[in-house]
Amino acid sequence: KELQRKWAFGEVVAMVKEGYGGPAHVDAPKRVAIYGGAFDPPTNSHLTCAAEIVHSGCADEVWLVPCGPRPDKPKLKTPAIDRYCMCQIAVNTVFSPDFPVKVSDIDTGRQMAAFTYDLLCSLRERHPGVQFAFIIGSDWLQPGTNIAEWTSLNHDWKPGMPEESKVIVTGHKLLEEFEFLVVPRPGYDVARTEEDPSGLKAFGPRLSWMQMPEPMHLIEGNLSSTEIRKRTHHSWQVQQAVQGGKLSTIEGLVP
């Protein structure tokens with residue numbers, strides 16, 4: 001019971017950091033890992049991943065950032081403010097107030113979701129002195145994907161200029177200016193060599209694996225938001241609860 005109490009209030013996190021390479025200096029920059037996504041809805045897998053990053057000591061805090069509207073994702077119908085509220089409910093239900101997993105509304109009020117580079121630049125401007133890292137899965141390091149080709153808004157664009165110039169490639173700046181924390185995903189391996197034991201140098205200069213310190217092991221979850229949405233359409237229990245206004249009877253929706 002005493003261990004459970006300490007875990008609930010984040011004291012185990014402090015113990016892990018002290019014993020396994022956490023921040024040694026109080027005046028060191030705070031390290032914040034940005035966990036972006038649609039979170040439509042947030043799942044236990046999202047929360048488990050965020051908690052594991054904290055326990056790994058790779059970041060001092062994890063911020064969930066629900067994206068704004070995505071014209072490139074027409075199936076994303078849930079308003080950003082609703083997804084933000086769901087994230088707040090999820091985080092504040094699962095974690096204690098002291099646990100360093102938070103939710104940011106920086107993208108919630110935008111007419112269109114910010115590009116990754118623009119998002120991180122905005123966070124850097126709002127929070128000077130904070131060292132931000134962007135969380136990606138190893139699925140983003142597979143053939144056919146290239147972070148260096150990611151784009152963002154061209155802030156020099158003016159009416160009358162070609163429409164295609166509204167967006168410019170900034171992936172190289174993103175890789176040069178920000179840290180990337182890579183979370184291993186089953187089935188998405190990255191080739192390692194003697195010259196590059198991590199396998200990450202080929203993708204950028206500031207990528208590092210999210211690794212658990214010995215003797216801990218990474219706890220993984222594989223429940224997706226897509227699966228949750230499927231259950232809301234096909235589970236009679238969910239449909240019955242929604243129609244009757246008895247949401248508390250939804251049991252087992254998120255294992």
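These are my notebook entries on a predicted model of one protein chain.

**Entry 1: the chain as a whole.** I began with the secondary structure and found 8 helices and 8 strands in the protein chain. I then looked up burial, and of the 255 residues in the chain, 40% are buried. For the accessible surface I noted about 15200 Å², with 55% of it belonging to carbon and sulfur atoms.

Entry 2: I followed the strands across an open sheet of 6 strands, whose order is β3-β2-β1-β4-β7-β8 and whose pairing is parallel. At the edges I found β3 and β8 (207–209), and because each has a single partner strand, one side of each is left without a neighbour in the sheet. Direction ignored, neighbouring strands of this sheet are turned by 30° against each other on average. I reminded myself that strands of a sheet pair through backbone hydrogen bonds, either parallel or antiparallel. Looking at one pair in detail, I saw that β1 (residues 31–37) and β4 (residues 131–137) run parallel and are joined by 4 bridges. Within this pair, R31 stands opposite Q131 in β4. I then turned to the helix α5, which packs on the sheet and touches β1, β2 (61–66) and β4, with its direction making about 150° with that of β4.

Entry 3: I placed T116 in helix α5, which covers residues 116–126. Is T116 buried or exposed? Its relative accessibility is 18%, and since buried means under 20%, T116 counts as buried. Leaving aside neighbours within four places in sequence, I listed F134, W150 and L174 as the residues in contact with T116. I next looked at T108, which sits in the loop between β3 (101–103) and α5. T108 also counts as buried, at 12% relative accessibility. Which residues does T108 touch, not counting those up to four places away in sequence? I found P66, A80, I81 and Y84.

**Entry 4: a patch on the surface.** I finished with a nonpolar patch on the surface formed by M112, L153 and V167, which together have about 210 Å² of accessible area. Of these residues I looked up L153, which lies in strand β5 (residues 151–153). With a relative accessible area of 35%, L153 is partly exposed.

Technical notes: Residues are numbered from 1 along each chain as its sequence is written. This is a predicted model: local features need pLDDT of at least 70, side-chain atom pairs count only at pLDDT 80 or more; totals for chains, interfaces and linings use all residues. Side-chain values use heavy atoms; hydrogens and water are left out. Helices (H or I, at least four residues) and strands (E, at least two) are DSSP runs, numbered from the N terminus. Buried means under 20% relative accessible area, exposed over 50%, partly exposed in between (1.4 Å probe, protein chains only). Contact means heavy atoms within 4.5 Å. Patches are made of residues with over 30% relative accessible area and no salt bridge: like charges are joined within 9 Å, nonpolar side chains (Val, Leu, Ile, Met, Phe, Trp, Tyr) within 5 Å. Accessible areas come from the Shrake-Rupley method with a 1.4 Å probe; for residues, only the protein chains shown count as cover. A salt bridge is a side-chain nitrogen of Lys or Arg within 4 Å of a carboxyl oxygen of Asp or Glu. Two strands pair if DSSP finds at least two bridges between them. Axes are lines fitted to C-alpha atoms, for helices over the stretch in contact, and angles run from 0 to 180 degrees between N-to-C directions.
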